[in-house]
Amino acid sequence: TQYSPVDLDAATRTVDGEARGEPRLGQQAVAWVIRNRADWSPPAWWGKTIYGVCHQPWQFSAWNGGPDTIHLTALDGASAEYVAIQNLVKSVFDGDVDDPTNGATMYKVTNSTASWDSAVADIEPIIIGRHSFWKLPPNA
């Protein structure tokens with residue numbers, strides 16, 4: 001996966017906002033969803049770059065305002081928290097770790113509701129930490 005410093009920063013902040021407090025595997029799973037969306041061919045409405053995927057409106061709740069958005073936008077790029085997540089994201093984008101989600105493009109907190117619930121009603125999710133993961137095509 002090709003990525004720029006801007007892509008890496010966006011993904012690091014997204015994983016921090018979405019999966020802070022999750023086990024390492026759960027953080028890797030969220031990074032894989034970002035990568036899987038960015039790698040979708042042909043490019044999907046999720047975005048054509050990692051930055052675009054991370055900042056697509058209403059796709060990652062951590063960017064939708066509130067305490068998570070405040071935290072991830074204020075996160076110091078030199079902090080131990082940022083560096084640890086960034087190294088994890090790099091390992092996913094560089095292909096150094098296998099995809100525990102089996103190609104997932106969607107996830108949500110287990111037992112929560114989403115507008116796309118009907119699309120996954122008959123699909124068994126992969127559960128990692130507090131999240132459930134599914135592989136769905138764009139606009140499913």
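Two residues are in contact when they have heavy atoms within 4.5 Å of each other. Among the contacts in this chain between residues at least 6 apart in sequence, 66% join residues at least 24 apart. The model is predicted, and local features need pLDDT of at least 70, side-chain atom pairs count only at pLDDT 80 or more, and totals for chains, interfaces and linings use all residues. Residues are numbered from 1 along each chain as its sequence is written, and side-chain values use heavy atoms, with hydrogens and water left out.

The secondary structure comes to five helices and three strands, where helices (H or I, at least four residues) and strands (E, at least two) are DSSP runs numbered from the N terminus. Along the sequence they follow the pattern α-α-α-α-α-β-β-β.

Of the 140 residues in the chain, 44% are buried, a word that here means under 20% relative accessible area, with a 1.4 Å probe and protein chains only. The largest nonpolar core has 33 residues; such a core is a set of buried Ala, Val, Leu, Ile, Met, Phe, Trp, Tyr and Cys residues joined through side-chain atoms within 4.5 Å. The elements that give two or more residues to this core include helix 1 (5-19), helix 5 (80-93) and strand 3 (131-134), but helix 2 gives the most, with seven residues.

Helix 2 is also mostly covered, since 13 of its 15 residues are buried. Ile50 is among the residues with the most contacts inside the core, and, leaving aside its neighbours within four places in sequence, Ile50 is in contact with residues including Ala11, Ile34 and Phe93.

Key. Buried means under 20% relative accessible area, exposed over 50%, partly exposed in between (1.4 Å probe, protein chains only).
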